[in-house]
Every structure is written in structure tokens, then in C-alpha cells.
Amino acid sequence: MGDDLNERIAKAQAELDAQARPSKKAAEGPGMSLGFRMAADFVAAVIVGAVLGFGIDTLVHTSPWGLVVCLILGFITGVWNIVRAANAASAAAQKDKGKDTGA
Amino acid sequence: MMAHIATDPMHQFKIVRLFDLNIGGVDVSFTNSSLFMVIGVLGIIVFFAWALSRPKTVPDRKQSLAEIWYGFVAGIVRDVNHEDGKPFVPLVFTIFSFIFVANVLGMFSVPGANTFTSTSHIVVTGTMAVFTFLLVVAIGIWKNGFKFLKVFVPSGVPWYILWFVVIIEVFSFLSRPLSLGMRLFANMLGGHVALKVFAGFIPQLVIGLGLVGVGMAAFLVMPLVIGVTALELLVAFLQAYVFAILTCVYLNDSLHPGH
């Protein structure tokens with residue numbers, strides 16, 4: 001029964017696609033949402049580093065080294081998050097551009 | 001004193017108990033925040049029940065709105081998760097609709113009674129973010145078992161820096177619920193504070209400068225307030241959209257770890 005439904009959905013979708021909607025939005029969505037994501041991802045990573053480091057310090061009494069190390073790691077993670085998101089976005093943009101000129 | 005209360009930008013976020021409720025020693029009093037969450041949820045249910053009560057082949061306005069709403073969310077899930085995402089459409093639809101309606105409800109203001117933005121409190125957004133995070137982990141372990149840990153090990157990295165990348169990935173994974181909850185909460189809080197601060201210039205100008213102040217308020221501040229209100233409506237939508245799309249992205253990671 002599930003296959004039947006999938007078949008019917010696929011058929012209906014194919015009919016819809018055949019009508020050729022021209023402007024399909026990319027999965028990334030508006031650039032502003034990407035900006036919100038990057039900003040929060042960076043800050044969140046730093047905070048997680050701080051909390052994790054502070055937690056380790058209180059548990060194992062290594063103050064301040066857990067906080068120092070984890071804060072740096074959190075900062076690196078934050079930067080890495082942004083770089084990765086930016087790379088993915090520009091790769092998607094390149095692909096879209098190529099598709100437009102290729103077709 | 002009145003003017004002071006009227007321009008206090010944090011006053012709007014005050015939690016007020018509507019009636020006290022205590023179940024098993026836990027304080028679960030019904031607050032204004034709960035009230036607007038209930039209004040939002042009931043509003044969504046009533047709207048969709050009404051809009052889809054007599055579905056037609058050629059949809060009328062209300063049915064069309066409901067179909068566009070659903071199609072938009074289903075489109076997000078299809079774009080990110082493809083075929084595997086179909087079981088998660090109801091979940092993502094619920095998350096998106098709840099956040100969107102809660103955000104937009106907070107934008108309304110009727111004389112005598114202001115609405116409350118439930119999503120401007122981190123206890124609400126944080127709960128949703130932690131729920132999403134735990135769900136992603138549970139689904140990842142259920143579908144992939146031990147292989148779920150591959151989400152921390154990216155492919156194509158030489159072994160001598162792999163250990164470091166794994167540490168970074170663990171940090172990145174742990175920062176997800178915080179990032180999800182904090183972004184929504186901070187944007188709603190910040191946006192409403194900015195709106196209130198700009199609007200607060202108006203009574204201050206009028207009280208301080210008299211007629212000149214009225215002119216400045218009308219021609220300088222009011223356009224700004226209208227602009228910020230429009231921006232806030234955009235942000236209300238975008239934050240719901242970001243939460244929904246990130247839920248999809250995280251679900252995709254747990255369905256296919258090791259990408």
C-alpha cells in the first residue's frame with residue numbers, strides 16, 4: 001500500500017515537473033537565513049567550549065587549563081563552522097550558475 | 001512614572017501568572033506565555049480544519065493558503081532529505097508552524113492588551129532545540145546503530161589530523177542545540193527590544209521637545225518604526241524557516257552519517 005502511494009505521488013510529481021516551473025529556489029534559501037545560521041553557529045561553538053571547559057575544570061580541578069583549552073577549541077570550531085557553511089553556499093551557487101548556462 | 005513604564009523595553013517580556021497550578025510539587029502555573037502558545041496551537045488547528053473542511057479540486061482562497069503553507073514545508077524537506085524525509089514532514093511542519101505563528105502573534109498589538117512572544121524566552125526555544133537534538137541522536141542510533149558515530153569522522157581526511165578534526169566535529173555537534181535555541185530566542189528578543197526602543201523615542205521626543213518633538217517623531221522616527229516592524233515580520237518568518245531547515249539538515253546527518 002505504501003508503494004502504491006509512493007507510485008501515485010511520483011506520477012503526480014512527474015506531471016507537475018513536466019509543466020516546467022522555471023524559478024526553483026535553492027535549498028539554502030534566502031541569503032539572510034544563511035547569515036543568521038552562521039552567526040549563531042559561531043557564537044554557540046564558543047559558548048559550548050566555555051561551558052565544557054568550565055565543567056571539566058570543576059570536575060577534575062584543573063582550573064584554568066580546561067577552560068583555556070576548550071575555549072580555544074570552541075573558537076576554532078566556530079570559525080570552522082562558518083568556513084564550511086560558506087564553502088557549501090558558494091559551491092551550491094557555482095552549481096546553480098553552471099546549470100543555468102548549461103541548460 | 002507612566003512614561004517610564006511605557007518606554008521600558010524589557011517590560012513586554014515579563015511573565016505573568018494567569019492562574020496557579022501545582023502538580024506533584026512542580027510549579028506548572030498557566031502564564032501569559034503559555035496562553036499565547038495555546039492560542040497559537042489552537043489557531044493553527046482551527047485554521048487548517050476550517051481551510052480544508054470542504055476541499056475542492058480548484059482550491060479557493062483559504063484552501064490555497066493552507067496548501068501553499070504545507071507545500072512550502074514539504075518542499076524544504078524534499079529539497080534537503082529527498083525520499084527519506086517523508087516520515088518527517090509532519091514533524092517539520094509542526095515545528096515550522098508553531099514557531100511561525102508564535103513569532104507572528106507576538107507582533108500584534110491591540111489597545112489595552114499586548115500580545116506576548118512566547119519564542120522570546122530561551123526556555124521555550126531551548127526545549128524545542130533540545131528535543132530536536134535528542135530526536136536526531138535517537139533516530140541516528142536507531143537507523144544506523146554504531147555507524148552513527150561516523151558523523152564525527154569526515155571522509156577524506158589524512159590520519160595525522162583526523163583526531164583533531166574529530167574533536168572539532170564533537171564540539172560542532174554539541175553546539176547544535178545551543179545554536180538552534182539561542183538564534184531564535186535572541187532574534188525575537190533583540191528585535192522586539194529594538195522595536196520598543198525606537199518606538200520609545202516618540203513619547204520622549206514629544207515630552208521633551210513639545211511641538212518640534214511631534215514633528216521629529218512624525219517624520220524621522222515613525223518611518224523607522226514602520227521599517228523595523230516590517231523587518232521583524234520578515235525575521236519572524238525567517239527564524240521559523242531556519243529552524244525548520246536546520247532540523248532537516250540535522251535529520252539528514254543522522255540518516256546518512258559520514259558525509
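**Helix α7 of chain B and its neighbours**

Hi everyone, let's begin with a crossing: α3(B) passes α7(B) in a right-handed way, meaning the near helix is turned clockwise from the far one by less than a right angle. The residues of this contact divide into nine nonpolar, two polar and no charged; Ala, Val, Leu, Ile, Met, Phe, Trp, Tyr, Cys and Pro count as nonpolar, Asp, Glu, Lys and Arg as charged, and the others, Gly among them, as polar.

A word on the source: this is a predicted model, where local features need pLDDT of at least 70, side-chain atom pairs count only at pLDDT 80 or more, and totals for chains, interfaces and linings use all residues. Residues are numbered from 1 along each chain as its sequence is written, with chains lettered from A and ligands numbered from 1 in the order in which they are written.

Back to our pair. Helices here are DSSP runs (H or I, at least four residues), numbered from the N terminus. The axes, lines fitted to C-alpha atoms over the stretch in contact, with angles from 0 to 180 degrees between N-to-C directions, come within 9 Å and cross at roughly 30° for α3 (61–81) and α7 (211–255) of chain B. That makes α3(B) roughly parallel to α7(B) (under 35 degrees).

Now, how does α4(B), residues 89–105, pack on α7(B)? The angle is about 160°, with the axes 8 Å apart. So α4(B) is roughly antiparallel to α7(B) (over 145 degrees). This crossing of α4(B) and α7(B) is right-handed.

Key
Helices (H or I, at least four residues) and strands (E, at least two) are DSSP runs, numbered from the N terminus. Angles under 35 degrees count as roughly parallel, over 145 as roughly antiparallel, 65 to 115 as roughly perpendicular and the rest as oblique.
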